[in-house]
Amino acid sequence: MDDAGYMRLALELAAGGAGYTSPNPMVGAVLVKGGRIVGRGYHRRVGGPHAEVEAIADAGPEADGATLYVTLEPCNHHGRTPPCSEAVIRAGIAKVVVAMEDPNPHVTGGGIRRLEESGIEVVCGVCRDQALKLNEAFVKYVRTGLPWVVLKSAMTLDGRIATAGGDARWVSGAESRALVHRLRHRLDAILVGIGTVRADDPSLTARLPEGGGRDPVRIILDTGLSIDPAARVLHLESDAPTWIVCGRGVDEGRLEQVRKTGARCVVMDLDNGRVDLKALMRWLANQQVTSLLVEGGATVAGRFLACGLVDKVMFFYAPKILGGDDGVPLCRGRGPQKMSECLKVHDMQVRPVGEDILVEGYLNVSGI
C-alpha cells in the first residue's frame, strides 16, 4: 500500500469522531512498520487523547522506527492535552506523513518544525483535499471565527417545501430523513424559525437508525418571543440545550415564562425588525458553536442566503410535483432582478438517496 492508501485509512478512522470532537477537529492516525500496520488511533471526543497518542499506545514498542500517517499536523502546544509532537518524538517515530497543516494561523507549521528539528522526516500534503473536506467546519471556524453553515431543505421537483396550507410531512423519503439525522449528529447546532415550530412542533434531535446519536444545540429564531410554552422543543429529555433567540424589548414576563422551561433566552439586536443574523453568528462562535445546520422554512432560508451566511447547501428533491403556484417556495423575500446576480454554486454533486435526489454544493469559500 502507498502513502495515499495508508492516509485514506487514517481519514476513515478520523471520521469515527464525527459529532464528538467539536470544537476540536476530527483526526486519525496509522502507524506502519515494515509494511505492516502496527498502530491505529483517532480523536474520539473533545478532551480525550489525540489520534497520535492513541496510535502510539496501540503500537507499543513497535512505534520505534515506524512511519506515522496522520490527517492533521501534530499539535505543538498545550491545550486540553499535552503536545502530540513531543509524544511522537519520545516514541522514536522515524517519519511522519501529514495530510494537511493545522489551519489555525496562530499555530500552523509549529508541529512540523518541531518534528523536523528533532531529526524526523516529514512529508506534508498527502490527501490534503480529503482532509480539508473532512474538517471543513473546523477550518472555517479557526480561520474566520465564524460557524460553518449548512442550509438543508427538502422539496418537490417543482421547488415547493410545503403545500399552501403548510403541510410538509413528508416531502422527502425515509432514507433522506435518516441522512439528515446523521447530519444533525455531526454538526454542533440546528436552527429553525418560530414558523417551523408552530407548523411542525419538531423535536430537532438526532435519531440515528442504529440508535444513539448526539443531539445538536437547538436554536429557535423567535423575534417577539411568541413560542408556545407547551412546544415539544421546550420539553425534551436531551443533553443538548434549547436556545430561543429573540429581539430586545420583549416582555419580561414572557422571558421568565420561557426560562422556567429550562430553555435559554438569547436577546439580540434587530436588523429591519428581525434578529440580526450576522450578530447571531458572531455570538454563536463565542459559544464555541463551530457548525450550524439551518433547517428553517422559506423566510429563514431566504434571509441566510441574502446575508451571505451559507457555506454549503443540501437540497433533497423528492419524486413529487405539487403543481399550481400556491405552495411554499424554498425561499421567501426579495431576490435579484438579473440572472447574472444569482448566487453561484460550485463543486456541486448530485446523488440518489433512496427515491430522492440530493444536490449539494458550496456557496462561500471564506476561510477554506
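The notes below go from the sheet to single residues.

I am working on a predicted model, where local features need pLDDT of at least 70, side-chain atom pairs count only at pLDDT 80 or more, and totals for chains, interfaces and linings use all residues. Numbering starts from 1 along each chain as its sequence is written, and side-chain values use heavy atoms, without hydrogens and water.

**Sheet.** I took helices (H or I, at least four residues) and strands (E, at least two) as DSSP runs, numbered from the N terminus. Strands pair if DSSP finds at least two bridges between them. I found an open, mixed sheet of nine strands, ordered β11-β10-β9-β8-β14-β6-β15-β18-β17. β11 (264-268) and β17 (346-353) are the edge strands, each pairing on one side only. The twist averages 20° from one strand to the next; axes are lines fitted to C-alpha atoms, for helices over the stretch in contact, and angles run from 0 to 180 degrees between N-to-C directions.

I then looked at β15 (residues 312-317) and β18 (residues 356-362): they run antiparallel, joined by six bridges. Y317 stands opposite I357 in β18.

**Cis bonds.** I noted a cis peptide bond from S22 to P23, omega near 10°. P23 sits in the loop between α1 (3-14) and β1 (28-33). The bond from R169 to W170 is also cis, with omega near -15°. W170 is in the loop between β7 (160-162) and α7 (174-186).

**Positive phi.** D347, not a glycine, has a positive phi of about 50°. I place D347 in strand β17.
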